[in-house]
Every structure is written in structure tokens, then in C-alpha cells.
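Subject: Structure handover

Hello,

Here is the structure for you to look over. My notes on it follow below.

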Amino acid sequence: QLQLVESGGGLVQPGGSLRLSCTASRFPLNHYAYAWFRQAPGKEREGVSCISSNGGERTNYADSVRGRFTISRENANTTYLQTYLQMNSLEPDDTAVYYCAAIIGPYFCSDILEKLVDYWGQGTQVTVSS
């Protein structure tokens, strides 16, 4: 079973930046698309970004973060794969618990939907506040 562990959350001022990391372990790592979701207090979980399986050549973003967030991934080594979410120009509305997710491939990220997710991480808190 794929295991996902997030890190990198924290408190940041508006306009600041954070980079979230997701470490995936167990095989076959390259056969998954990886995505980030977030859930703010009192709101439903929403898809933020996705990077496609295998070569990771396709990405997709929610309109609310397009141009500010960037998703990337390293090539898998024999034991783990890292996916990153670089978040710039953060706003208070970005405050949420962020979840790493994996979707069994092949998947090219045409949509970022909860129902497509096969594995979830435990989540990491991001708070944007002055």
C-alpha cells in the first residue's frame, strides 16, 4: 500500500511563501499521479493541484491558486518519491489543512477530484495570518 507523508506546513504572513513536501513510499511510485487538496474550517475539501503519472509532464491547478502555486515531483528512486507544492503570494484564504494524495495511473490530471484519489496523506496545517 502506498504511504504518503506531508511536511512543510506552518504559519506565514500574507504575501509570504511556503513549500510543502510529500514523500511517497512503496512501489510502484511512478505509476501514480500526485495531487494536493486542502480543507479550510467549515468548508469542503477542494483540489488544489495535480501532476500526472509516469513522466509527470502534465499539471493542473485550481483557478484560485493558478499563477501562485507550482507543483513538481522528483523522479522516483528505489525507495521513495518526493512531490512538492511551492506556494507563493499566500493569502489568508489559503489557510487550510493541505493533503497529499495519489491517484493510480495512468492519469493526466484533467480534473482534481476527491473521488479519483486512491491514497491520502495525514495532512499538514498552513496558516496565513499577520
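**Disulfides and their surroundings**

C50 is buried, with a relative accessible area of 0%. Buried means under 20% relative accessible area, exposed over 50%, and partly exposed in between, using a 1.4 Å probe and protein chains only. This is a predicted model: local features need pLDDT of at least 70, side-chain atom pairs count only at pLDDT 80 or more, and totals for chains, interfaces and linings use all residues. Residues are numbered from 1 along each chain as its sequence is written, and side-chain values use heavy atoms, with hydrogens and water left out.

C50 forms a disulfide with C109, the sulfur atoms 2.0 Å apart. A disulfide here is a pair of cysteine sulfur atoms within 2.5 Å. The link of C50 and C109 is left-handed, with -60° about the S-S bond. C50 sits in strand β5 (residues 46-51) and C109 in the loop between β9 and β10 (119-120), so the bond ties together parts that are 59 residues apart in sequence. Strands (E, at least two residues) are DSSP runs, as are helices (H or I, at least four), numbered from the N terminus. C109 counts as buried at 2% relative accessibility.

How many disulfides does a search of the whole structure find? It finds two. The other joins C22 to C100, S to S 2.0 Å. This link is left-handed too, with -80° about the S-S bond. C22 is in strand β3 and C100 in strand β9 (residues 96-104), 78 residues apart. C22 is buried at 0% relative accessible area. C100 is buried, also at 0%. Counting bonded cysteines along the chain, the pattern is 1-3, 2-4.

**The open sheet**

Four strands form an open sheet in the order β1-β3-β8-β7, with antiparallel pairing. Two strands pair if DSSP finds at least two bridges between them. The edge strands are β1 (3-7) and β7 (69-73), and each pairs on one side only. The twist averages 15° from one strand to the next. That angle is taken between N-to-C directions and runs from 0 to 180 degrees; the axes are lines fitted to C-alpha atoms, for helices over the stretch in contact.

Five bridges join β1 to β3 (residues 18-25). L4 has A24 as its bridge partner in β3.

Side chains alternate along β7.

T83 lies in strand β8 (residues 80-87). T83 is buried, at 1% relative accessible area. Beyond four places in sequence, T83 touches residues including C22, W36, I71 and R73. Contact means heavy atoms within 4.5 Å.

**Nonpolar cores**

Which residues have the most contacts inside the largest nonpolar core? They are L2, L4, Y34, W36, L85, M87 and Y98, in a core of 30 residues. A nonpolar core is a set of buried Ala, Val, Leu, Ile, Met, Phe, Trp, Tyr and Cys residues joined through side-chain atoms within 4.5 Å. Strands β3, β4 (32-39), β5, β7, β8, β9 and β11 (124-128) each supply at least two residues of this core. A second, separate core of ten residues includes A33, A35, C50 and V117.

Best regards
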